[in-house]
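My entries follow the display.

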Amino acid sequence: MASYNLPAPRRITASNLPLPSPHHDNPTVEPGVEVKIDSLPVDALLDGTLMRAVVATSKQIPTTNDGHGDIPLDSVPGMGIVLPGGLNLYYLDVAPRTEGTMHRTTSTDYLVVVSGKLSLLTPSAEAYEVKEGKATFGEAVETVCGPGDVVAQRGMMHALSNRTDEWVRLVAVVLSSQTNRVPVGESYKDLPDAWLA
């Protein structure tokens with residue numbers, strides 16, 4: 001694996017400052033703005049094949065814009081992807097020649113490719129079975145995503161891979177969603193979270 005060579009991402013936070021008490025009743029006075037610049041810590045995941053820098057989290061939507069200074073980060077359970085009922089925003093760097101694991105989470109994800117070429121792997125358009133953690137869809141469909149591309153993932157099975165010799169950097173906005181489901185005749189089938197072998 002190529003050594004990790006991407007710079008630490010920066011977070012620029014712009015917040016309203018409190019109004020001084022004498023301006024409490026003056027409707028024309030606006031608050032000053034604080035701009036804070038941080039280099040985000042990057043944590044290794046899965047033996048360093050993935051590197052993640054958390055930008056922001058919120059336990060609820062809509063979020064709140066109260067406060068200034070450091071942004072408090074809520075703990076994200078499990079693999080650190082979906083914050084139930086809320087939002088998780090992070091940078092994700094994918095090492096060269098890394099094949100992702102096919103999975104589905106109860107979320108709507110927006111992935112913005114910043115640099116490199118990300119391979120989004122999905123099952124084909126045909127229905128398939130999953131038995132004992134293995135899928136019968138055969139060869140995954142590869143969609144190559146480049147800088148500036150946005151992937152809108154709507155609760156479907158997918159894997160994120162990097163099939164190049166350069167690191168891929170993306171920004172992920174993960175929103176907790178209602179239960180994933182698909183129509184079956186006149187009813188629906190729920191699609192739970194899943195990680196395939």
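I count two strands as paired if DSSP finds at least two bridges between them. Strands (E, at least two residues) are DSSP runs, numbered from the N terminus.

Basis. I worked from a predicted model, in which local features need pLDDT of at least 70, side-chain atom pairs count only at pLDDT 80 or more, and totals for chains, interfaces and linings use all residues. Residues are numbered from 1 along each chain as its sequence is written, and side-chain values use heavy atoms, with hydrogens and water left out.

Entry on pairing. I looked up β7 and found that β7 pairs with β14 in the antiparallel sense over eight bridges. Within this pairing, S115 has R169 as its bridge partner, and D109 stands opposite V174. β7 also pairs antiparallel with β12 (residues 150-154), over five bridges; there T108 is partnered by R154. β14 is joined to β5 as well, by eight bridges, and the two run antiparallel. In that pairing N88 stands opposite V174.

Entry on the cores. I took a nonpolar core as a set of buried (under 20% relative accessible area, 1.4 Å probe, protein chains only) Ala, Val, Leu, Ile, Met, Phe, Trp, Tyr and Cys residues joined through side-chain atoms within 4.5 Å. The largest has 17 residues, and L92 and L118 have the most contacts inside it. Two or more residues come from each of β5 (87-94), β7 (107-115), β8 (118-122) and β14 (168-176). β14 gives the most, with four residues. A second, separate core of seven residues includes M102, M157, A159 and A194.

Terms used
Buried < 20%, exposed > 50% of the residue type's maximum accessible area, 1.4 Å probe, protein only.
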